[in-house]
Amino acid sequence: MTDATGTSELRPLQVEANGINVIAESERKGHPRDLFWPWFAANISVLGLSYGSFELGFGISFWQALIVGVVGIVLSFLACGFIAVAGKRGSAPTMVLSRAAFGVNGNKLPTVISWLLTVGWETVLVILATLATATVFQRLGWGGGDGTKVVALILVVALTVFGGVMGFDLIMRLQTWITIVTGVFTVVFIALVADKIHWHAVSAVKGGSIEELIGALVFMMTGFGLGWVNCAADYSRYLPRRSSGSGVVGWTTFASSIAPVFLLLFGLLLAGSSSSLNTAIADDPIGALATLLPTWFLVPFAIVAVLGLIGGSVLDIYSSGLALLTLGLRIPRYQAALIDGTVMTLGSIYVVFAAKNFVGQFEGFLITLGVPIAAWCGVMLADIALRRRDYAEPELYTTSGRYGDIRWVPVLAVIVATGIGWGLVVNTSASWLKWQGYLLSPFGLGGKSGSWAFANLGVLVALAIGFIATGLLSRSAVRAEEAAPVPAPAIA
C-alpha cells in the first residue's frame, strides 16, 4: 500500500503486532484502490470455473445460469463493499465492529458463526488445492496417490499458515503477486481450452423453473459474497478516515466480482459442452479441469490453481484468527492463526483421505452456514445504514459503553431468522443435514420433495428478517448512541 501522502511504503516484513485493537492513526495508510489486490487475488481462483457446473446442476439453461450467476456474484459482493465501509469508519476488524449492533457479549453468537464459516472456507480451499495437485501429478505420471496428497497438503497448509501468522503487510504483498501470476496463467488456460466449447451442446441445455433459478441464485450468493461478508472490514480498517466511502464500496465490489463473472461465463460454456466434465467436477472441482489441458501446461496449471486457492485461504485464516480474539481468547493474533491452522489441517486430512462426495458436502456447508451469516449480514447492513457518525471505538471493547452488553433485537433476529431459514432449505446430498426443510410443508411449499425444496429460500428469508428487524426496531437505539459525545480515537 501507499502512505497518506501517496508515496510508496514498503516496510521490512515482520509478524503483525495488531490484533483486534483499533488501528493507530499513524498506521493507517493507502487508498480505496489498494483494496483491489487482496479482493481480486482471493477470487481469481480457477474454482470459479467449476461454479458453471454447479449452477447447471440446478437444472437451468446457460442463459439462465449466466444471469442469476452474475446477479448473485455482484449483489453479494456489494454487501461486502458496504460492510467494508465500517472498517474505515471504525478502524477495527469486522466482528469487533459487529459489537455496535449486537452488544459486546451479544456479539459472541455471530462471531462463533463467523469463525465456523472462515475456518470452513479455508479448509475447503486447502482440500481443493491438495486434490488438484494430486490430479495434475497423476496425469504427469509422477504419482498422484496418497503420498502426493500428503506432500501437497503440507505445502499448501504451510503457505496458508505462514501468511496468516505474518499478517496484514505480507498478505497485501502476497496478494499482489498472486493477482499477477494467476491472472496471466488463467488467461492462458482459457485460450488453451477454448476449442472444447461446443455451442450447439451449450444452447441445447434446457431451461429450469423459477424455483430452480432461485436455488442457483442463492447458491451463488453463498458461494461468493456471503462467504466473505464477515471479513469485509478486516482490510479497509487500515485506510485513512478521510478515504472515500463510495470508493471503498466500489473497489471492494469491483475487485471481488470481476474475475468470478468471467470465470463463471467460461465455466458454463465448458460444463455445458461436456456431460463427462460436468460429472467429473463433482468429485474434483479443479483437478477435473486439468484433463482438458495439454501435458506441457499441467505444471503451470497446478501453480495457478494452488496460488488462487491460497489467495483465498490466507484471507480466511487471518480473519478466523481475529474472530477467535474477538470471542475473548487472550493470546497474540499469530497464535490464534496457528490454532485455526491446526483445525484446518485436521479437517483437510479427513476430507482428502476419508470423505467422499465432495460437492454434496460442500453445498451442504455453504447453505447451512449461509443462513445464519445471511441473517447477520442483514443486521449489519441495516445497522451501518442507520449510523451517521463514526464508531465510538473505545466503547467497542467494554460492556459499560454505549453499545452495551447484549442488544436483544439483533440477537433474537439472528436466532429467529436462522430457525426459519433452516426450515426452508434442503440438503439431501449431505446426510447429516437431512433434518433441515421442516417448514416447507407447514408453509405450503410442497415439503422436502416439492418444487421449492431446493430453492434455498431460507437464505434470502434470513437476510430479509435481519435487515428489516434491525432497520425498524434498532433505529431509536442507534440515534441515542450517536447523540452522546464520541470519545477521541484510540492511539493504539
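View 1. Let's start with Cys80, which is buried, with a relative accessible area of 0%. This is a predicted model, so everything in these views is computed from it. The cysteine sulfur closest to that of Cys80 belongs to Cys377, 7.4 Å away, and that's too far for a bond. What about Cys231? This residue counts as buried too, at 1% relative accessibility. The closest cysteine sulfur to its own is the one in Cys80, but at 8.2 Å that is again too far for a bond. A disulfide needs the two sulfur atoms within 2.5 Å, and the count for the model comes to zero disulfides.

**View 2. Ile83 in the largest nonpolar core.** This core has 150 residues, and Ile83 is one of those that touch the most other members, along with Tyr51, Val229, Ile286, Phe301 and Trp376. As a rule, in soluble globular proteins nonpolar side chains tend to be buried together.

View 3. H1, H2, H6 and H14 each supply at least two lining residues, and H14 gives the most, with four.

**View 4. Helix H8 from end to end.** H8 runs through residues 168–193, which makes 26 residues. From first C-alpha to last, the helix reaches 36 Å, close to the 38 Å expected at 1.5 Å a residue. Its buried residues include Phe168, Ile171, Gln175, Thr182 and Phe189. Which helices do the buried residues of H8 pack against? They pack against H1, H2, H7, H11, H13 and H14.

View 5. Look for Glu481 in helix H19, which spans residues 475–483. Is Glu481 buried or exposed? Its relative accessibility is 7%, so Glu481 counts as buried, since the cut-off for buried is under 20%. Not counting residues up to four places away in sequence, Glu481 touches Arg387, Arg402 and Arg407, as well as Ala100 and Tyr403.

Methods: Residues are numbered from 1 along each chain as its sequence is written. This is a predicted model: local features need pLDDT of at least 70, side-chain atom pairs count only at pLDDT 80 or more; totals for chains, interfaces and linings use all residues. Side-chain values use heavy atoms; hydrogens and water are left out. The expected span of a helix is 1.5 Å times one less than its number of residues. Buried means under 20% relative accessible area, exposed over 50%, partly exposed in between (1.4 Å probe, protein chains only). Contact means heavy atoms within 4.5 Å. A nonpolar core is a set of buried Ala, Val, Leu, Ile, Met, Phe, Trp, Tyr and Cys residues joined through side-chain atoms within 4.5 Å.
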